[in-house]
Amino acid sequence: MFDTRPNRDAEIVLIGRSNVGKSTLMREITGHTKFATGGKPGVTRKPNHYDWNAEDFVITDLPGFGFMSGVPGDVREAIKTDIVRYIEANAEKILVGVLVVDGKSVIDIIDRHSGEGEIPHDVEMFGFLQELGIPTVVAVNKMDKVDDRDERLDELAERLGLYPPWQQFDDVIAPISAKRGNIDALNEAVRHHLHAQQRDDLFKFF
Ligand SMILES: Nc1nc2c(ncn2[C@@H]2O[C@H](COP(=O)(O)OP(=O)(O)OP(=O)(O)O)[C@@H](O)[C@H]2O)c(=O)[nH]1
Ligand SMILES: [Mg+2]
C-alpha cells in the first residue's frame with residue numbers, strides 16, 4: 001500500500017485513469033509546478049501529496065489506473081488495488097473524491113468496456129466512491145478538445161446513472177480544461193461539498 005500520506009485529518013483526492021490530466025489539475029489547484037505531467041500514461045506511480053504546515057488538509061494526486069502502454073497487466077492491477085485500498089483506508093478523512101476523466105475519450109472507453117460481466121473502470125470507481133459515502137465530483141477534463149459539449153456531458157451523465165440533462169448535476173459533473181487553467185466548474189462543485197460538511201474554511205484553496 002502507498003505509505004506516503006502525511007498525517008492530516010482532511011483530504012481531497014484526485015483519482016482517474018492514466019493520462020487524463022490529474023497532475024496537471026494538481027498543478028492548477030496548488031499553483032505549484034513541481035508535479036510531473038507528461039504525454040505518456042503512467043507518469044505518476046506514487047501519490048503526490050500537497051499539504052500545508054498551518055492547515056490540517058492535504059490534496060492527493062493518485063497514480064492513474066487502467067491501460068498504460070508498456071506497463072504489464074499485473075502491475076496495473078497492483079496499482080489499482082493500491083488505489084482502492086488507499087481510498088478505503090482514508091475514506092473517513094476524504095471530504096471530496098475528484099474522479100478525473102478525459103472528456104474527449106471517456107464515452108468511447110466506457111462503452112468499449114461495458115460488455116457482459118464487465119464494469120468500466122470509471123463507472124466502477126464512481127460507484128465505489130458513492131458506496132463509501134465519499135462526496136464525488138467528476139472532473140471532465142480536456143474540454144478544449146470537445147466540440148459537442150452538452151451532448152458529451154449528457155452521455156456521460158447517463159453512463160453514470162444520472163438522468164440527463166447534465167446541468168441538473170453541476171455539483172457532480174464539472175467540465176474543465178486543466179491545461180488552460182479553466183477549472184471554475186470544479187472549484188464550485190468542490191465548494192458545494194465542502195460547505196455541506198461545514199468546511200468553508202477550505203474555500204481558500206478552491
Ligand atoms: N488538451 C488538453 N490536454 C491536457 C489537459 N490537461 C492535461 N492535458 C495533457 O494530458 C497529458 C497528461 O497529463 P497528466 O497531468 O500527466 O495526466 P495524469 O492523469 O496525471 O497521468 P498519470 O500520472 O499517468 O496517471 C499531458 O500531456 C497534459 O499536458 C487539458 O485540459 N487539455
Ligand atoms: Mg499524474
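Asp 111 is partly exposed, at 37% relative accessibility. The class covers relative accessible areas between the limits for buried (under 20%) and exposed (over 50%), computed with a 1.4 Å probe on protein chains only. The model is predicted: local features need pLDDT of at least 70, side-chain atom pairs count only at pLDDT 80 or more, and totals for chains, interfaces and linings use all residues. Residues are numbered from 1 along each chain as its sequence is written, chains are lettered from A and ligands numbered from 1 in the order in which they are written, and side-chain values use heavy atoms, with hydrogens and water left out.

Asp 111 forms a salt bridge with Arg 159. The term denotes a side-chain nitrogen of Lys or Arg within 4 Å of a carboxyl oxygen of Asp or Glu. Here the closest N and O atoms are 2.7 Å apart. Asp 111 belongs to helix 3 (residues 106-112) and Arg 159 to helix 5 (residues 149-159), so the bridge ties together parts that are 48 residues apart in sequence. Helices (H or I, at least four residues) and strands (E, at least two) are DSSP runs, numbered from the N terminus. Arg 159 is also partly exposed, with a relative accessible area of 25%.

The whole structure holds 11 salt bridges. Side chains of opposite charge can pair when their charged atoms come close. One of these pairs joins Arg 152 to Asp 148, at 3.9 Å from N to O. Arg 152 is buried, at 17% relative accessibility, whereas Asp 148 is partly exposed at 33%. Another pair links Arg 199 and Asp 201, with an N to O distance of 2.9 Å. Arg 199 has 24% relative accessibility and counts as partly exposed. Asp 201 is partly exposed too, at 37%. Elsewhere, shared partners join Asp 111, Glu 158 and Arg 159 into one network of salt bridges.

Helix packing was examined next. Two packed helices are described by the angle between their axes and the distance between the axes. The axes of helix 2 (residues 73-90) and helix 4 (residues 121-131) come within 11 Å and cross at roughly 20°. Helix 2 is therefore roughly parallel to helix 4. Axes are lines fitted to C-alpha atoms, for helices over the stretch in contact, and angles run from 0 to 180 degrees between N-to-C directions. Angles under 35 degrees count as roughly parallel, over 145 as roughly antiparallel, 65 to 115 as roughly perpendicular and the rest as oblique. On the helix 2 side, the contact (heavy atoms within 4.5 Å) is made by Lys 80, Ile 83, Val 84, Ile 87 and Glu 88. Helix 4 contributes His 121, Glu 124, Met 125, Phe 128 and Leu 129.

Leu 14 lies in strand 1 (residues 10-16). The C-alpha atoms of Leu 14 and Gly 97 are separated by 6.4 Å, although the two residues are 83 residues apart along the chain. Beyond neighbours within four places in sequence, Leu 14 contacts Lys 22, Leu 25, Met 26, Ile 29, Thr 60, Asp 61, Leu 62 and Val 98.

Ser 177 sits in the loop between strand 6 (173-175) and helix 6 (184-196). With neighbours within four places in sequence left aside, Ser 177 is in contact with Asn 141, Lys 142, Met 143, Asp 144 and Asn 182.
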